[in-house]
Amino acid sequence: MACGVLPMACSSVAATLRLMTRTTPSLRGRHRVVVAGGGVAGLETVLALSRLAPGLVDVELVAPEHHFWYRPLAVAEPFDAGRVVRFELAALAAEVGATYTPGELVGVRTDERVAELAHGADVPYDSLVLAAGAVPEEAVDGALTFRGPADTERFRGLLDEIEKAGHGTLAFIHPGGTGWPLPLYELALMTAAELAERAPDVRVRLVTREAAPLELFGGAASDAVRDLLVQRRIEISTGLYASSWANGTVETAPDGPVEATWAVALPTLRGPDLAGVPRGRGGFVPTDRHGRVHGLEAVYAAGDLTAFPIKQGGLAAQQADAVAESIAAEAGARIDPRPFEPVLRGLLLTGGVPAYLRAELGGGRGETSLVANEALWWPPGKIVGRELAPFLARVAGIEPLAPLEAPGVVAIEIPLETEPVAA
Ligand SMILES: Cc1cc2nc3c(=O)[nH]c(=O)nc-3n(C[C@H](O)[C@H](O)[C@H](O)COP(=O)(O)OP(=O)(O)OC[C@H]3O[C@@H](n4cnc5c(N)ncnc54)[C@H](O)[C@@H]3O)c2cc1C
């Protein structure tokens with residue numbers, strides 16, 4: 001607004017904005033940290049800061065949704081093998097001396113160190129952490145897009161429809177674009193196990209743009225997953241980019257149509273639109289290895305909204321740990337902040353024997369890929385966060401997913417390149 005033209009209007013708008021501005025600067029001289037996002041990255045940041053910089057920081061968690069959702073078990077819900085759980089953010093934040101404010105970040109004014117929330121409220125900060133996650137979008141027209149908890153009932157309905165039909169082909173599609181593929185493999189494996197009982201004449205097919213199943217976990221893990229798919233009689237079509245499903249056909253490039261009576265696809269992800277924040281390819285926020293947002297002073301980012309191409313909870317937590325260490329040092333903690341050195345860990349629900357997959361992708365040390373049917377990390381949860389996993393086990397009662405000797409889980413762990421090629 002041009003204040004030279006409408007000085008009265010401007011002064012009243014300014015006064016209103018001043019009133020709406022939540023001026024609660026740290027009265028105790030502490031470093032004021034605002035964390036925008038109450039998911040994996042946001043909570044891990046809050047927890048790490050409370051441990052690394054006690055008494056040095058005031059932490060405020062801002063998110064529009066009042067709950068933290070533990071999403072990984074969304075894939076188990078349609079089979080009654082697990083349940084998505086959610087927890088009050090206010091209670092989780094209070095547990096470690098942070099506060100929770102309901103609100104949606106819409107932009108940043110770095111010159112004033114102010115985070116702008118929807119409806120005009122401003123929140124001042126010394127350090128701001130962007131942890132607002134990514135936005136899922138339909139990638140395959142016509143297919144059932146499985147985004148997580150919101151789609152478990154639709155998927156359950158599809159299983160009922162398939163059982164009634166008794167024959168046909170169900171395709172699980174990992175499309176082009178950015179996303180986390182593991183849930184699709186879990187759905188395919190668990191569905192094949194379920195349909196073997198409920199509708200044995202229905203064929204299950206996996207259509208993926210990858211050159212090999214779960215290729216980002218490396219050779220050994222990928223081979224193990226391929227063996228599992230074959231054991232479950234799942235047909236595998238690799239190197240195919242699916243664009244749409246209609247009339248019993250999935251359109252793919254470069255091979256053209258693939259038969260499928262029903263189709264379930266992962267979404268593709270894009271970064272959120274935040275005024276004043278740089279966006280790279282796909283709308284994702286570019287950062288350095290300490291999580292500092294390119295070109296913005298005192299603004300950090302962690303998790304799915306960053307430009308790091310693999311969107312996974314464990315990696316989001318590792319990014320958050322790097323961010324928390326940098327901010328703790330800034331706030332005066334005696335700590336030498338370590339950069340993000342990604343290690344990918346995946347716990348694959350199979351509907352049979354579980355698998356732990358681990359891959360190290362970083363620091364030019366070369367790839368190591370491990371796969372096992374016993375825990376490669378502890379606690380052996382689905383989202384591996386240094387702070388978050390034990391915290392959820394202690395406070396929220398999320399226990400290790402399954403006894404290690406129980407069937408139904410595969411765990412994978414890999415160190416990643418810090419600058420992997422775009423997915
Ligand atoms: C079905 C499914 C299964 C998965 N399984 C696994 C698994 O087994 N292991 C694993 O490691 N990962 C898994 N993932 C991926 C994992 O859930 C994500 O990578 C992880 O949640 C990303 O964390 P995040 O904090 O960046 O974003 P999110 O966890 O998505 O959290 C984003 C937060 O930001 C808030 N928010 C949104 N917009 C704003 C805004 N404008 N201002 C402020 N706050 C905002 C949201 O309310 C939310 O609190 C799975 C994902 C899905 C969908």
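Domain bounds here come from an automatic or database domain assignment. On that basis, the shell around the ligand draws at least three residues from each of two domains: domain 1 (11-134 + 271-340) and domain 2 (137-270). Before going on, some ground rules. This is a predicted model, where local features need pLDDT of at least 70 and side-chain atom pairs count only at pLDDT 80 or more, while totals for chains, interfaces and linings use all residues. Residues are numbered from 1 along each chain as its sequence is written, and side-chain values use heavy atoms, with hydrogens and water left out.

Let's start with the ligand. Which residues come nearest? There are 30 residues around the ligand, and Ala-41, Arg-71, Leu-105, Asp-304 and Lys-382 come nearest. A residue counts as near a molecule or strand if one of its heavy atoms lies within 4 Å of it.

What is the make-up of that shell by class? The shell has 14 nonpolar, nine polar and seven charged residues. For those classes, Ala, Val, Leu, Ile, Met, Phe, Trp, Tyr, Cys and Pro count as nonpolar, Asp, Glu, Lys and Arg as charged, and the others, Gly among them, as polar.

Now the secondary structure elements. Helices (H or I, at least four residues) and strands (E, at least two) are DSSP runs, numbered from the N terminus. Helix 2 (40-52), strand 2 (57-63) and helix 7 (313-330) each supply at least two residues of the shell. Helix 7 gives the largest share, three residues.

Next, polar contacts. A polar contact is a pair of N or O atoms within 3.5 Å; within protein, one must be able to donate a hydrogen and the other to accept it, and residues adjacent in sequence count only if both atoms are side-chain atoms. At Leu-105, a polar backbone atom is 2.8 Å from a nitrogen atom of the ligand. At Gly-314, a polar backbone atom is 3.0 Å from a ligand oxygen. At Ala-131, a backbone N or O atom lies 3.5 Å from a ligand oxygen. How much of the ligand does the protein bury? Taken alone, the ligand exposes 1,000 Å², and the protein buries 88% of that. Accessible areas come from the Shrake-Rupley method with a 1.4 Å probe; for residues, only the protein chains shown count as cover.

Stay with strand 6 (residues 105-109) for a moment. Val-106 is found there. Val-106 is partly exposed, because its relative accessibility is 31%. The scale is this: buried means under 20% relative accessible area, exposed over 50%, partly exposed in between (1.4 Å probe, protein chains only). Leu-274 is 168 residues away in sequence, yet the two C-alpha atoms are separated by 5.1 Å.

Arg-113 is in the loop between strand 6 and strand 7 (114-117). Its phi is near 50°, a positive value in a residue other than glycine. Arg-113 counts as partly exposed, at 27% relative accessibility.

On to the sheets. Two strands pair if DSSP finds at least two bridges between them. Ala-171 stands opposite Arg-205 in strand 13. Is strand 13 mostly covered or uncovered? Mostly covered: six of its seven residues are buried.

The other open sheet to look at has three strands, in the order 15-16-17, with antiparallel pairing. Its edges are strand 15 (241-246) and strand 17 (258-259); each has a single partner strand, so one side of each is left without a neighbour in the sheet. Two bridges join strand 16 (residues 249-253) to strand 17. Val-250 has Val-258 in strand 17 as its bridge partner.

Asn-247 lies in the loop between strand 15 and strand 16. Asn-247 has a positive phi of about 50°, although it is not a glycine. Asn-247 is exposed, with a relative accessible area of 78%. Thr-252, by contrast, sits in strand 16 and is buried, at 8%. A polar atom of the Thr-252 side chain lies 2.5 Å from the backbone oxygen of Gly-256. Between strand 16 and strand 17, the loop holds Pro-254. The peptide bond from Ala-253 to Pro-254 is cis, with omega near 5°.
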